[in-house]
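Dear colleague,

Please find the structure below. My notes on it follow.

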Amino acid sequence: MNLQQTLINWYLVNKRDLPWRNTTNPYYIWLSEIILQQTQVAQGLPYYTSFVTNFPSVFDLAKADESSILKLWQGLGYYSRARNLHASAQYIVSELNGEFPNTYSELLKLKGVGDYTASAIASISFNEKTAVVDGNVYRFLSRFYGIDTPINISKGFKEFKALAQDLIQSVDPATFNQAIMEFGARQCKPKSPDCTVCPFNQSCVAYAKGTIASLPVKIKASKVKKKYFNYLVVLSNDNKTLLEQRQGKGIWQNLYQFPLVETDKPANYDMIVDTVKSLDYVNEETFELSLYNTSDIVHKLSHQHLNTKFWILTLNSNLPQGVPVQKVESFPVPILIGNFIEDFNF
DNA sequence: AAAACGGGGGG
DNA sequence: CCCCCAGTTTT
């Protein structure tokens, strides 16, 4: 039996029953694929359910407020996915009359849809023979064929894409793409896969050579940077606080947070008090400033560690531009802020 | 080609 | 502590 048919047979027996596997509606496939980018199934599942419930059609998603979409996305990370989802929904409704793009090339024009996602939707919803290359596909193919080309350089992508594209020619693309990914996720796992029960244990190059653990090869990422965040949690006389929406390019774009003072080294009371005194809504005589968390909260992201202090700033005045503390929970916030809000309990 | 972009879970 | 995850966009 050939490789493709072995994968498909394995899949038909071992596939998980997931909600997006009971439809080929491109809108639902798209939602699931965006949610699952760089995200494990277990983590993405509740978000998929929530999005399908709140936005049953692309029209519902298009007409929603960005903040309400970000709120539902809260905690999933890579928030550009949510912003791109919204922009693409509006594009489909206003430019395409609500008709979902139905080819790889047209799908690729959607914001947030790259080679992988365009291939996934085109194959699953429209039976187009275009191969997906995701982390699972890299892992299985690199091990089965013993390929040590690094997967995170363009040469590696081209090599694996061509290989997968060749394999998909003779089979049903929707089933094959899902089979190879599911096989990579469940059998050909990153860490200690059980090769004794693998249907390829007589034909896998890496298993024969004992190189399973070292494949696929990846060029290692640059070092993590440390940053020092100080959040000012303002408490006013009229029971309000201050939230700002993050602007610009960096992380958490368009999400909300308390006023942020970033320092280039761990801050102390004197450094923060100087900043506080210069704020236009602070009366120099009557505020109180205290550190909430004795030791830094370290929020770890892929490329940076945010060493964070929350400072409680109590004012003896009102805050007309503030947010009533009861409404704080309705804003989309990064997990770092969300955890604080939950702990502080206003 | 390399860096930026989140957060959770596993070993 | 390090690696991985149904990757894409920007620089």
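Between domain 1 and domain 2, the buried area (accessible area, 1.4 Å probe, that two parts lose on being put together, summed over both) is about 840 Å², with 51% given by carbon and sulfur atoms. On the domain 1 side, Lys 71, Tyr 79 and Arg 83 lose the most area to domain 2, together 47% of what that side buries. Helix α5 (residues 66-73) supplies four residues, the largest share of the side of domain 1 that touches domain 2. Helices (H or I, at least four residues) and strands (E, at least two) are DSSP runs, numbered from the N terminus.

This is a predicted model: local features need pLDDT of at least 70, side-chain atom pairs count only at pLDDT 80 or more, and totals for chains, interfaces and linings use all residues. Residues are numbered from 1 along each chain as its sequence is written, chains are lettered from A and ligands numbered from 1 in the order written, and side-chain values use heavy atoms, with hydrogens and water left out.

Chain A is assigned domain 1 (3-214) and domain 2 (225-344); such bounds come from an automatic or database domain assignment. Their C-alpha centres lie 38 Å apart. Nine residues from domain 1 and 14 residues from domain 2 make the contact (heavy atoms within 4.5 Å).

In helix α13 (residues 269-277), Ile 272, Val 273 and Val 276 are buried (under 20% relative accessible area, 1.4 Å probe, protein chains only). They sit on the same side of α13, because they cover an arc of only 100 degrees around the axis, taken from the directions from the helix axis to the C-beta atoms.

Regards

How values were computed: Buried < 20%, exposed > 50% of the residue type's maximum accessible area, 1.4 Å probe, protein only.
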